[in-house]
Each structure stands twice: as structure tokens, then as C-alpha cells.
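This report goes through one protein model part by part. Please look at the sequence and the 3D view before reading on.

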Amino acid sequence: MFPLAARKHGIQPIWASEIEKAPVSITKRHFPSMKHLGDITKIKGVDLSPTDIITFGSPCQNLSNIGNRTGLKGEKSSLFFEAIRIIREMRDQTYGTYPTLAIWENVLGAFSSNDRLDFKAVLEAFTETTLPMPTSGFWANAGMVRGRKVDLCWRLLDGQYWGVPQRRKRIFLVADFRDFRAHEILFDTQRVQSNPETGPQSRRTPTQEYLSASAETRRSLCLFPFQERRMRSYAKAGNLQGFRSSFGKARDPFPTLLAGTVNVFANWPKNETERGNIRKLTPLECERLMGLPEGWTKYGFQNKEISPSARYKALGNAIILPCAEFILGNVAKTYGKEVSISCEKPKV
């Protein structure tokens, strides 16, 4: 999502680190000039073309509340430190000139994993200094830390407040190594509302026309998204109250799209329950829920069609496009459009 958001704001995508075949193929189709460097553990920062912005979303499996919660010590989520290594190597090679910015994205569970010490480790990795835990013992949904060489801010954004009907809470962190203006990029103080999870009410997104049509459709139908994993676990445990809680209310936003499963919903015309049905979301509907242009993941390099299962996985691992656009739009406004971007999405 970051390359697409970057291009929309005149920022040039340069290179990427990714090993999943489908995302690489999709990226090659849409960004043919981007270099693909593969496994992040084999990349050396000193060998890379210097870039102004490095974006990365380290694997969340060990941080997520539905994962194994082994935290940054986990086999997959520990790849966060590989990205930090590359940033430091590039900065050493360029005498502290590049990158100017680093942008990190991850799941809400990063605030609480490993007794809340993992997010402390994230902040310390960027600032290269020891930081105290909050006196409350909990990390706030938005905050700021300033070190000797870097200024960083973090903020929790929820997709349902950014123009897509999906509950998707994600932490976004911006580290500014040059001008200490991270707050201008992540908070956009001229427009931001008081709730750090919400976005500007006047925001227009690539899916605005679809969402308007969707709202019209929902007026004639009763759509009930539900969380399949929760439903199955409560059913297995014989917990009727929990089973009922897995169903959302009519017109609720959809649950967070996941890479390992496909969201399911029930729908039926008003007062005609016998015509109702339960079905899975299609890849096209998932693209809409991520704010992507329709058909963005349908074809890969050389017009090779991407399988539905690979599309579901790629979309479940993706970032809400309007959130990425908000951040990179502020980068362009703050630093100008003559900047370049790289995207690291390290995987095992």
C-alpha cells in the first residue's frame, strides 16, 4: 500500500524486500521500475541505493492478540530488528543523511505483547537509548519520544474511521532523523480530531463512490458481519452467549480482514429472512474494504492471474490505503515531493 500511496503524492518507489510470490508479482505489475531484493536477512544497508523514506511492517504473527504472543523474540516478528539494522547501516554509510524518515506499521497487540516490553523495545531500537515504561504501565494510543538523533511519534489508526467499513486498528510510527517533524507527518495538527483513532470527517478516499453505493445497498438489506474464528471457538466450548457475541449488528463495520482466513457475513432482505444467505467475501470486496482500486490484486506480472487464496492472504497482510495516503501526503507536504521510498515487508 505504501508504494501506491507514495505514487499518488509524487513520491517515487525505489526498492522492496518481499519473499511472498503473489505480492511480488502484483508489485511488479503496478511498479515495474521497483527493484525486488528478496529476503531481508540477506540485504546489507551499505549496498542499497540511499532512499529518503524506509517503510516497513514487520510480521505480526508473534505480536497479534490471535497469534502465539511470543513477541519480538518470535521467529517472524523478530525480523523487525533486521529492518532496524538496515536503517542503521544506510545511515552509517551516508554519514547520517539517509534515510530521512522511517515509517513502521503493526498490530494493536504490539502495545501489550511480552508484558508491554515489546513496544518499549521498538522505541529504544529507533532512538538507540533506554526509555522508561509509562507510569500507568500501559502505552497510550498516541505519543511522542525525542532522542538525540531522532524524533518519533506513534498513533493508533482504525480503518473504520478512514473511509472503509472495516474495523482494523493498526499502530503507525514515524521516525524523523533530520528535521524532527514527525508530529507534522503523523498528526497533521491543522486538521486532526481529538480522538487519535479517527480521521478527518471530510476525507475522500478512492473507494468513496463504492461506499456510497454500499450504504444504499445496506438500507435495503440486513448485513451481519461475524467473526468466524470466535464463532467456532465458542461453539466448540458450548458457550451460547459467546457464540451470539460473534455476530455483529446490522450495518456494523466488517471485522479485521485476516491473512489466514476469509471473512464471512450473513445478509437477507428486510422481512424476507427465507431469502437470506451466508457467504464469504470475494477478493474484490476485500480490495474495497482495504480502500484499494478494484482489481488491484487480480493480476500479477505479465498479466498472470493471481489465485483467490493468494489474493486473500495478500490483502489480509496489507495496510488500509487511506491511512497510508494520509501519512505520505503529509510527508509530501512537509518535505516536498522530491523524495524516494523503499518498502520492506520482511517475512521468514
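Which residues form one aromatic cluster? The cluster consists of Phe56, Phe80, Phe81, Trp104, Phe111, Phe119, Phe126, Trp139 and Trp154.

## Basis of the report

This is a predicted model, in which local features need pLDDT of at least 70 and side-chain atom pairs count only at pLDDT 80 or more, while totals for chains, interfaces and linings use all residues. Residues are numbered from 1 along each chain as its sequence is written, and side-chain values use heavy atoms, with hydrogens and water left out.

## Aromatic pairs

A search of the whole structure gives 12 aromatic pairs. Rings of Phe, Tyr and Trp (its six-membered ring) pair if their centres lie within 6.5 Å; planes under 30 degrees apart count as stacked, over 60 as edge-to-face and the rest as tilted. The ring centres of phenylalanine 56 and phenylalanine 80 are 5.8 Å apart and the planes meet at 35°, so this pair is tilted. It links distant parts of the chain, since phenylalanine 56 belongs to strand 3 and phenylalanine 80 to helix 3, 24 residues apart. Helices (H or I, at least four residues) and strands (E, at least two) are DSSP runs, numbered from the N terminus. Both phenylalanine 56 and phenylalanine 80 are buried, where buried means under 20% relative accessible area, exposed over 50%, and partly exposed in between (1.4 Å probe, protein chains only).

The rings of phenylalanine 119 and tryptophan 154 have centres 5.2 Å apart and planes at 75°, so this pair is edge-to-face. Phenylalanine 119 is in helix 4 (residues 117-127) and tryptophan 154 is in strand 6 (residues 151-158), 35 residues apart. The relative accessible area is 0% for phenylalanine 119 and 5% for tryptophan 154, so each is buried.

Eight strands make an open sheet with mixed pairing, in the order 2-1-11-3-4-7-6-5. Two strands pair if DSSP finds at least two bridges between them. Strand 2 (35-36) and strand 5 (142-146) are the edge strands, each pairing on one side only. Strands of a sheet pair through backbone hydrogen bonds, either parallel or antiparallel. Strand 1 (residues 12-17) is parallel to strand 2, with two bridges, and alanine 16 stands opposite histidine 36.

Strand 7 (residues 169-176) runs antiparallel to strand 4, joined by seven bridges, and antiparallel to strand 6, joined by eight bridges. Opposite valine 174 in strand 7 is isoleucine 103, and opposite leucine 173 in strand 7 is tryptophan 154. Seven of the eight residues of strand 7 are buried.

Contact means heavy atoms within 4.5 Å. Not counting residues up to four places away in sequence, arginine 170 touches Glu105, Asn106, Val107, Arg155, Leu156, Leu157 and Thr256.

Leucine 157 lies in strand 6. Cysteine 323 is 166 residues from leucine 157 along the chain, yet their C-alpha atoms are separated by 7.4 Å.

## Helix 4

Nine of the 11 residues of helix 4 are buried, so the helix is largely enclosed by the rest of the structure. Among them are Asp118, Lys120, Glu124 and Phe126. The buried residues of helix 4 pack against strand 3, helix 3, strand 4, strand 5, strand 6 and strand 7. After helix 4 comes glutamate 128, with a positive phi near 55°.

## Nonpolar cores

A nonpolar core is a set of buried Ala, Val, Leu, Ile, Met, Phe, Trp, Tyr and Cys residues joined through side-chain atoms within 4.5 Å. The largest core has 52 residues, of which Phe2, Ile11, Ile53 and Leu328 touch the most other members. Helix 11 (residues 321-335) gives this core its largest share, nine residues. A second, separate core has 33 residues, including Ile43, Phe80, Phe111 and Phe119.
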